[in-house]
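User: Please examine the structure shown below and answer a series of questions about its architecture.

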Amino acid sequence: MASRPPIPDSSRASAQREITRIAEMRSVHAAFSYLHNQEMEFRRWQRELTEIPAPPFGEAARSEWLRQRFTALGLENVQRDDLGNVLGFLHHKPGAPLIGISAHLDTVFPHGTALQTREEANRLYGPGISDNAAGVTALLAVAHALKRTQLKPVTNVLFIGNVGEEGEGNLRGMRHLFASSPWRDAIRSLLVIDGAGADTYVNQALGSRRFEITFRGPGGHSWSDFGVPNPIILLSRALARFSDVHAPESPRTTFNVGVVSGGTSVNSIPESATARVDLRSASMEELQKLEDRLRECAAEAWREAPLTHRSGELKITLAIESIGDRPAAELPPDARILQIVRAVDKHLRIESFPRLASTDANVPLALGIEATTIGAGGDGGGAHTLREWFDCSNRDLGLKRILLVLLALTGVQE
Ligand SMILES: [Zn+2]
């Protein structure tokens, strides 16, 4: 692990004392009141953001929205990088180590999805309202709260609205930040805010691999070319075989066929058929086994296809392309960031539990940099569906939790 900003010592008791010390600061109280009192403003941000489309690779409008917010708020050195990640410092101290706090801007919803939001009692509805408009709202809320106080974190604090977390985005925003941004070597810890809730923290990064499998053939007329291998059928055979694979419950391992496409009309033998497959596991070994099996099933289906037809030789091809690869990784049980989160939760009387998940934290965790993912407060459901909702009740508990974790990570004086 990289070197860390100072914290007295790493025992559990000292983490608890440090949280108590921070929580008693007058400025922290002021920040807490702000987070409690501005709920209506937070809802406005959250609904506004949800209504701006942000499909994977189409986050530009949201990036611009956040860049304007960061600038108006007075964050320093605000910038939008080549990919669309939006970055801003609380106070930019060149050369100081850096603690990042991030929320992803992208959604799973394609262009053209109706993104209207509505509000009923304490509930907000809209696609992406929770994952991750709630996270971006929390990022902004905490930035506002800190900017209004006299608190002076020991390290730099970098606020990050990043692109490319969902699906085919394949964590590209976070990968870029840790691979080729000017800050990549300065980041000591990353706190990721994703989705609703205030009672979990990620201590294990779920690995995943995604593939696009394509069968191609000459195609033809359904009647006159009958007998030419049909890519849709070859693909179906491959998927049917693969669906029988045994995925262990421990370490938990899963697979899904999420998209199938191909063909032009009911009376044409298609020229191609494609499926997108998602494999997940807490174990890199199980992930590899699953990938091997997927490749075998596809190859078996391909080998069974006839290679000749009365019209002559046939060219049937199979291509398996990787469209996503997220490393599995794990925080050591005594990691400083875990001690901090647990101490904060104890202080706030939150009964929290660790979680295995695939989030932006996978990237730093795989590099050996401490990171965790926590929720934006409130409650939520229906993620990745058009019925997604966010319940704002007690959102401020989640926001206080984020603020305390962040300040303990940075170290702080009044
Ligand atoms: Zn998310």
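User: Which elements do the buried residues of α3 pack against?

Analyst: This is a predicted model, in which local features need pLDDT of at least 70, side-chain atom pairs count only at pLDDT 80 or more, and totals for chains, interfaces and linings use all residues. Residues are numbered from 1 along each chain as its sequence is written. Helices (H or I, at least four residues) and strands (E, at least two) are DSSP runs numbered from the N terminus, and contact requires C-beta atoms, placed from the backbone, within 7 Å. The buried residues of α3 pack against α4 (60-73), β5 (123-125), α5 (133-148) and α11 (395-410).

User: Which residues of α3 are buried?

Analyst: A residue is buried if 20 or more other C-beta atoms lie within 10 Å of its own, exposed if 12 or fewer, and partly exposed in between, with C-beta atoms placed from the backbone. By this criterion, the buried residues of α3 are Phe42, Trp45, Gln46, Arg47, Leu49 and Thr50.

User: How far apart are the end C-alpha atoms of helix α3?

Analyst: The expected span is 1.5 Å times one less than the number of residues. For the 12 residues of α3 (residues 39-50) this gives 16 Å, and the model agrees, since the end C-alpha atoms are 16 Å apart.

User: Are α4 and α5 roughly parallel or roughly antiparallel to each other?

Analyst: Axes are lines fitted to C-alpha atoms, for helices over the stretch in contact, and angles run from 0 to 180 degrees between N-to-C directions. The axes of α4 and α5 lie 11 Å apart, at an angle of about 10°. Angles under 35 degrees count as roughly parallel, over 145 as roughly antiparallel, 65 to 115 as roughly perpendicular and the rest as oblique. The two helices α4 and α5 are therefore roughly parallel.

User: What is the bridge partner of Ser102 in β7?

Analyst: Two strands pair if DSSP finds at least two bridges between them. Strands β3 (residues 98-104) and β7 (residues 156-162) run parallel and are joined by 7 bridges. Within β7, the partner of Ser102 is Ile160.

User: Is Gly220 buried or partly exposed?

Analyst: Gly220 belongs to strand β11 (residues 220-221). Beyond residues up to four places away in sequence, Gly220 touches Asp225, Val228 and Ile269. Because 18 other C-beta atoms lie within 10 Å, Gly220 is partly exposed.

Notes:
Two residues are in contact if their C-beta atoms, placed from the backbone, lie within 7 Å.
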